[in-house]
Amino acid sequence: MLFAIGTRVRFIHSNDEGVVTALLGDGMVNVLLDDNFEIPAFLDDLVRADEDFPTVKAKIVPGKQEKPAPAPAPTAPERPAAETQYTIIKGAGIQVAFDPVIKSDANAEKYLIYLINDTNFDVLFSYGLSLNNHLKYQHNGKLNGMSTYLVGELQFDDLNDSPEVDLQCWRILTDGTGSRLHKNLKIKPKQFFKRLVTAPLLNKPVHLFRAIENLKDAVTRQMEEEDLRAYTKRKAKPVFNDDPGSLVDPHEVKELAEFVPELDLHIEQLVENPQKLSNAEILHIQLRHFDAYIDKALRLGIKRVFVIHGIGKGRLRDAIATRLLRLPEVDTFKNEFHPRYGYGATEVIFLG
């Protein structure tokens, strides 16, 4: 089933509801849940919120006692946490480890496949294992920072069947997820057996492959290397029309030249004596200034702005996000960490 951006959907397995905010491709969309947490989801796991899906009920035959449900199969205990053999100075990112299971003849019978995250970032992931270009196994989950995750296994004989690991990751942010990071690993036996090293966190020899070495997208890395105001001025630098025959309103040119692509919504920046205002009055004033600022940015054709709202309880941030979701002119927006403002600013990118 296909969903347009803005469609309200429900997760089949959990009954959580949210709104589709982006089409990711490969059968996936971004869903903004009702608790303002945005996650990627597969289309097969979703239905429209107003759509009913059938539930299966057990039939009870009169005169016969219902058989008790079978006991769940025992599960293998989790691997105990190993003592760290060394300190991780600089994380290598998301790695794929093949942990050999040795038979009595000292040869490997199979390999347990782990995802390793030796950074402090939490991520959502989608993992797939293919043999001879046919998908054998797929798993979605959350991989916390400084942790490992068992995603499956590979039989020794399967190394001759051109195994491929397809890994997609989304960094978890305070207000949703980051951009999609993708890696496809083609496992070749000759290279596979040369990669036997001691893996971080697992602390044992495994066949190790680096998958995603930097969990920050290009925009985030660039923002951390420069001041926010310099970044916004450079990105939103006005472009003037040099054609002398074009009709350009000189007042609009002046407005464009003087436009500051950064709005500070702290109430003390907007009014005098804010201590006399109630919380509801403060929020109303902030949103009024926000609406006027966005209208002006759209009129002048600005490509990117920053709205500084602070952290607090998140009421202003959430109200801004709700308004932005309803604007067809908004391409995307995100509330990511910046060394100057922390998580107190939302970046808004308009459609070109």
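Let's start with isoleucine 311, which sits in the loop between strand S16 (304-308) and helix H6 (315-325). This is a predicted model, and in it isoleucine 311 has 56% relative accessibility, so it counts as exposed; the cut-off for that label is over 50%.

Together, Ile311, Phe337 and Tyr343 make a nonpolar surface patch of about 280 Å².

## How H5 and H6 pack

Two packed helices are described by the angle between their axes and the distance between the axes. For helix H5 (residues 279-300) and H6, that angle is about 40° and the axes are 11 Å apart. H5 and H6 are therefore oblique to each other. As for handedness, H5 passes H6 in a right-handed crossing.

H6 spans residues 315-325, and a salt bridge joins the side chains of arginine 317 and aspartate 318, with 3.0 Å from N to O.

## Salt bridges elsewhere

Side chains of opposite charge can pair when their charged atoms come close. Searching the whole structure turns up twelve salt bridges. One of them pairs aspartate 99 with lysine 204, at 3.1 Å from N to O. Aspartate 99 belongs to strand S6 (residues 94-102), while lysine 204 is in the loop between strand S13 (196-198) and strand S14 (205-212), so this pair ties together parts that are 105 residues apart in sequence. The two ends have their own labels: aspartate 99, at 3% relative accessibility, counts as buried, and lysine 204, at 26%, counts as partly exposed.

Within it, arginine 10 bridges to glutamate 17, with the closest N and O atoms 3.9 Å apart. Salt bridges are counted within 4 Å, so that distance makes the list. Arginine 10 has 11% relative accessibility and counts as buried; glutamate 17 has 27% and counts as partly exposed.

## The loop at Asp157

Buried or exposed: which is aspartate 157? Its relative accessible area is 57%, so aspartate 157 is exposed. You'll find aspartate 157 in the loop between strand S10 (147-155) and strand S11 (164-173).

Aspartate 157 and alanine 108 are 49 residues apart along the chain, and their C-alpha atoms are separated by 9.9 Å.

Conventions
Residues are numbered from 1 along each chain as its sequence is written. This is a predicted model: local features need pLDDT of at least 70, side-chain atom pairs count only at pLDDT 80 or more; totals for chains, interfaces and linings use all residues. Side-chain values use heavy atoms; hydrogens and water are left out. Patches are made of residues with over 30% relative accessible area and no salt bridge: like charges are joined within 9 Å, nonpolar side chains (Val, Leu, Ile, Met, Phe, Trp, Tyr) within 5 Å. Accessible areas come from the Shrake-Rupley method with a 1.4 Å probe; for residues, only the protein chains shown count as cover. Helices (H or I, at least four residues) and strands (E, at least two) are DSSP runs, numbered from the N terminus. Buried means under 20% relative accessible area, exposed over 50%, partly exposed in between (1.4 Å probe, protein chains only). Axes are lines fitted to C-alpha atoms, for helices over the stretch in contact, and angles run from 0 to 180 degrees between N-to-C directions. Angles under 35 degrees count as roughly parallel, over 145 as roughly antiparallel, 65 to 115 as roughly perpendicular and the rest as oblique. A crossing is left-handed if the near helix is turned anticlockwise from the far one by less than a right angle, and right-handed if clockwise.
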